[in-house]
Amino acid sequence: MSSEAFEHAAAGALLLCRAEPDVVEPAARLLREQMLLAPAGAEWSVLVPEGKPWAHGGEPVDRVLTGWATALAVGSNWPVLALWWDADRSGCTLAAGFRRTVEYVWLANGMPVGEDEALRTFGARLGLDPVLDMQSLEALGRPDPESDARARLLGMLAVLARAGVTLPSGLGPGEPADRLCTVARVAPGVREVEWSGWRDAVRAELDVVEQGPLGPWLRGPRARAIAVAQMAAALPLLAWAARRRSGGWAAAGTLLLVHGSLGLAYDRVRAADPGPTGG
C-alpha cells in the first residue's frame, strides 16, 4: 500500500457540538454531507462523517474538518470542536460563531506543534474550569515521550469529559473512518443526517438562525412586540410627515411600517410552517 493510500485509510474525524441533537441536526443538514448524529453526553452531540472527501484526492482531513466546523458554528450560539487524525498528525479545531477558528496539532509521535495560546482559547470558549482543566490542557502542549498522537486526543477527551462529553461506546480517536461509522450506526439515539433539498435547506437555515442569539428578535413574543411597536410608531410619524411635507420623515415612517409588517408576517408564516413531513 502506498504512503498516500495508508494516510487516507488511517484518517478519521469526529465533530463534537455543544448542543442537543435536535438543535444540531438542522445546521448539519446544511453541510450537504451524509453524517451520523448521536448524543454525546449532557448537552453534547457527535457527528460522524459517512463520506470521506479527504480520501478522493481532495483536501486533507484537517482542512475539510475546519470547513465543516466553521460552517456549523456560524450563526449558532454553540461551539463545535473537530477532532481529526491521519497517519502523520492529529489535531483539534474549535469554531465558535464568527470568532477566529483555533487549531492545535500533534505529530504522530505526540510532539506538540501548536501554540499554548490556542489551548487557553479552547478552555475559555468551551467554558472549562480555568484552574484544573487548564492545567490538563497545558500538559497536552508539553513534550511527553509516552504519549503518541492518539493519546493526545484521548487526553483532550478526558478534559472534555469533565464538561459533560461522553462519546458512545467504541467511538474514539485513532480509528479509521469506516470503523467509526460502523460503531456510530448502533449507538443509542443515532440518526442519519443528509441533504434533503433546497426547500428543507432554507427551512433548516431559518431554524438555525432562530435558535441562535438573534432568534428572540425574529420570532416569538419579543419579535411580535417589536413589530407592533414599529407599526405603532410609523403611523403618527407618517401623519406628521404628511403635514410637514417631509420626504425624509415619510421615508422613515414607511420603513418602520414595512419592517413591522414583515416581522408579523414572518412570525405567522413560520408558526404555520409544519416543517418536513419525512420520508
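Two strands count as paired if DSSP finds at least two bridges between them. By that rule β1 and β4 pair, because 6 bridges join them, and they run antiparallel. The structure here is a predicted model. Its 7 strands form an open sheet with antiparallel pairing. The largest nonpolar core has 38 residues, and another core, of 28 residues, lies apart from it.

**The sheet**

- The strand order is β6-β5-β4-β1-β3-β2-β7.
- The edges are β6 (102-107) and β7 (191-193), each of which pairs on one side only.
- From one strand to the next, the twist averages 20 degrees.
- Strand β4 covers residues 80-85 and strand β5 covers residues 89-95.
- These two strands, β4 and β5, pair in the antiparallel sense over 6 bridges.
- Within that pairing, V80 stands opposite A95 in β5.

**Strand β1**

- In β1, G12, L14 and L16 point one way.
- A13, L15 and C17 point the other way from β1, and both sets are buried.
- On the β4 side, A13 has W84 as its bridge partner.
- Strand β3 (residues 45-49) is joined to β1 by 3 bridges, and the two run antiparallel.
- In that pairing, C17 stands opposite S45 of β3.

**The nonpolar cores**

- L16, V46, V48 and M156 have the most contacts inside the 38-residue core.
- Helix α6 (residues 149-161) gives the most to this core, with 5 residues.
- The core of 28 residues has A11, W84, A95 and A177 among its members.
- Leaving aside neighbours within four places in sequence, its contacts include L14, L15 and L16.
- Further contacts of V46, under that same exclusion, include L36, L37, A38, P39 and A40.
- V46 is also in contact with L167, P168 and L171.

**T93, a buried polar residue in β5**

- T93 lies in strand β5.
- Its relative accessibility is 1%, under the 20% cut-off, so T93 counts as buried.
- The side chain of T93 makes a polar contact with the side chain of W84, at 3.3 Å.
- A polar contact also links the T93 side chain to the side chain of E103, at 3.4 Å.
- Beyond four places in sequence, T93 is in contact with T66, V80, L81, A82, W84, T101, V102 and E103.

**Helix α4**

- Helix α4 runs over residues 116-125.
- Its buried residues include A118, L119, T121, F122 and G123.
- The buried residues of α4 pack against β5, β6, α5 (132-140) and α6.
- Just after α4, G127 takes a positive phi of about 70 degrees.

**Loops with a positive phi**

- Most residues other than glycine have a negative phi.
- R32 has a positive phi, near 60 degrees, and is not a glycine.
- R32 sits in the loop between α2 (21-29) and β2 (35-39).
- With a relative accessible area of 45%, R32 is partly exposed.
- E43 is not a glycine either, and its phi is positive, about 65 degrees.
- E43 is in the loop between β2 and β3.
- Its relative accessibility is 52%, over the 50% cut-off, so E43 counts as exposed.

- P168 lies in the loop between α6 and α7 (177-184).
- P168 has a relative accessibility of 12% and so counts as buried.
- Apart from neighbours within four places in sequence, P168 is in contact with A38, P39, V46 and A187.
- P168 and A187 are 19 residues apart along the chain, and their C-alpha atoms are separated by 6.0 Å.

Definitions and conventions:
Residues are numbered from 1 along each chain as its sequence is written. This is a predicted model: local features need pLDDT of at least 70, side-chain atom pairs count only at pLDDT 80 or more; totals for chains, interfaces and linings use all residues. Side-chain values use heavy atoms; hydrogens and water are left out. A nonpolar core is a set of buried Ala, Val, Leu, Ile, Met, Phe, Trp, Tyr and Cys residues joined through side-chain atoms within 4.5 Å. Buried means under 20% relative accessible area, exposed over 50%, partly exposed in between (1.4 Å probe, protein chains only). Helices (H or I, at least four residues) and strands (E, at least two) are DSSP runs, numbered from the N terminus. Contact means heavy atoms within 4.5 Å. Axes are lines fitted to C-alpha atoms, for helices over the stretch in contact, and angles run from 0 to 180 degrees between N-to-C directions. A polar contact is a pair of N or O atoms within 3.5 Å; within protein, one must be able to donate a hydrogen and the other to accept it, and residues adjacent in sequence count only if both atoms are side-chain atoms.
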